[in-house]
Amino acid sequence: MSKKKGIERLIRPELANFGGYSARTAPDTLEGKVEVPVESIIKLDANENPYGFSPKVSRALATYPDLNIYPDDGQTRLRRLLEGYSGVAARYIVAGSGSNQLIDLVARLFLSKGDEVINCVPTFGIYRFSTELCGGRVVEVPRDENFAVEVAAVKAAITKKTKIIFLANPNNPTGAITPRKDILEILDTGLPVLVDEAYYEFSRQTVAPLVGKYENLMLLRTFSKWAGLAGLRVGYGLFPPEIADYLLRIKIPYNINVAALVAVEESLKDIDYLIATVEAIIAERERLFAELAKIEWLKPIPSEANFILCLVLRGEAKELRQKLEEKGILVRYFEEEPLQNYIRISVGKPEHTDALIKALREIEITL
Ligand SMILES: *Cc1c(COP(=O)(O)O)cnc(C)c1O
């Protein structure tokens with residue numbers, strides 16, 4: 001099957017053509033390629049918090065004395081802090097170096113070579129990434145024309161090999177919530193369901209109270225988006241306790257670094273500040289939506305998250321992304337169908353919205 005030579009012959013054959021994940025371009029790699037200095041690039045491509053993190057985090061990290069000591073592998077303190085925040089007991093909780101790591105661990109726990117997962121597309125790319133890395137196969141169930149999950153189609157796609165149903169809620173990159181009754185219907189299949197609530201703080205809708213009531217419900221959250229800690233990599237999951245035990249056993253030792261632990265602790269001490277930034281982002285999301293809707297060649301899709309997917313009705317979305325990048329504004333473009341005519345814009349500060357709208361109006365002239 002593989003025509004690889006030398007040492008590459010020995011690579012797992014199913015990984016020989018593995019494409020990887022297309023992560024965002026770091027702004028400092030754009031030096032000289034954009035019309036503005038790198039420092040003034042406006043980053044609306046990765047759903048990061050434009051207000052940054054709590055100032056308590058940097059103060060605590062500056063004087064943290066024990067970087068030479070390994071963190072607690074059992075995450076005891078962190079899980080207790082997360083219990084306080086999520087309202088779900090510590091024995092249900094496992095933390096990951098980003099929730100991406102938990103997606104990967106769940107895939108490793110359930111998937112053997114040839115197993116299947118169900119993905120309601122378009123959706124977050126890591127589900128496919130981790131599934132294929134485990135030798136699993138993604139069965140795609142397209143969402144309807146409003147990007148809503150087709151529950152009947154999900155059920156029809158189940159086979160003897162199905163091991164996980166992935167459900168981002170709100171979905172990335174489309175932004176909408178799946179109604180609770182649809183989630184319950186999917187849970188009633190009895191298969192492991194991973195509900196990814198990365199944007200929970202923006203949508204304020206959750207199925208966390210159901211964790212433990214359904215033995216097949218697993219739920220993910222992250223500090224990357226609302227708490228501004230994307231760079232420190234910390235997320236957590238709520239799992240049935242026996243699944244949490246397995247995950248704790250198969251995870252890499254010391255997966256949460258001490259800086260991330262300190263950052264979570266300080267963030268939770270400063271929750272009022274952080275929630276105020278979340279509220280500012282929600283308010284700005286509504287303003288950004290209204291501004292985008294005024295541009296007749298764009299059609300923004302309503303969102304419960306901190307980004308807005310936008311259909312481009314004139315010209316090509318890919319080219320629009322490029323033109324915005326030249327003006328120093330980064331937005332997300334997806335190569336794959338059915339998103340080829342869309343861009344995804346993260347909600348920034350009011351001045352970012354103003355700069356974006358101005359740039360769109362300038363680009364409009366050349367379309
Ligand atoms: C951003 C995002 C995550 C977060 O990943 P981290 O590894 O916690 O940074 C998880 N799921 C979805 C759907 C996301 O959009």
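I looked up helix H2 (residues 76-86) in this predicted model and found that H2 lies across S2, S7 and strand S8 (235-238), running at about 110 degrees to S2. I took helices (H or I, at least four residues) and strands (E, at least two) as DSSP runs, numbered from the N terminus. Axes are lines fitted to C-alpha atoms, for helices over the stretch in contact, with angles from 0 to 180 degrees between N-to-C directions; contact means heavy atoms within 4.5 Å.

I noted that helix H4 (residues 126-133) packs on the sheet, touching strand S3 (116-121), S4, strand S5 (162-168) and S6. The direction of H4 makes about 150 degrees with that of S4.

I read the strand order of the open, 7-stranded sheet as S2-S8-S7-S6-S5-S3-S4, with mixed pairing (two strands pair if DSSP finds at least two bridges between them). I recorded strand S2 (93-96) and strand S4 (137-142) as the edge strands, each pairing on one side only.

I checked strand S6 (residues 193-196) against strand S7 (residues 217-222): they pair in the parallel sense over 4 bridges. Asp-196 stands opposite Leu-220 in S7.

I then examined helix H11 (residues 317-326) and helix H12 (residues 350-364), which pack at an angle of about 120 degrees with their axes 10 Å apart. In H11, Leu-320, Lys-323 and Leu-324 meet Leu-356, Ala-359, Leu-360 and Ile-363 in H12.

I kept to residue numbers counted from 1 along each chain as its sequence is written. Local features need pLDDT of at least 70, side-chain atom pairs count only at pLDDT 80 or more, totals for chains, interfaces and linings use all residues, and side-chain values use heavy atoms, without hydrogens and water.
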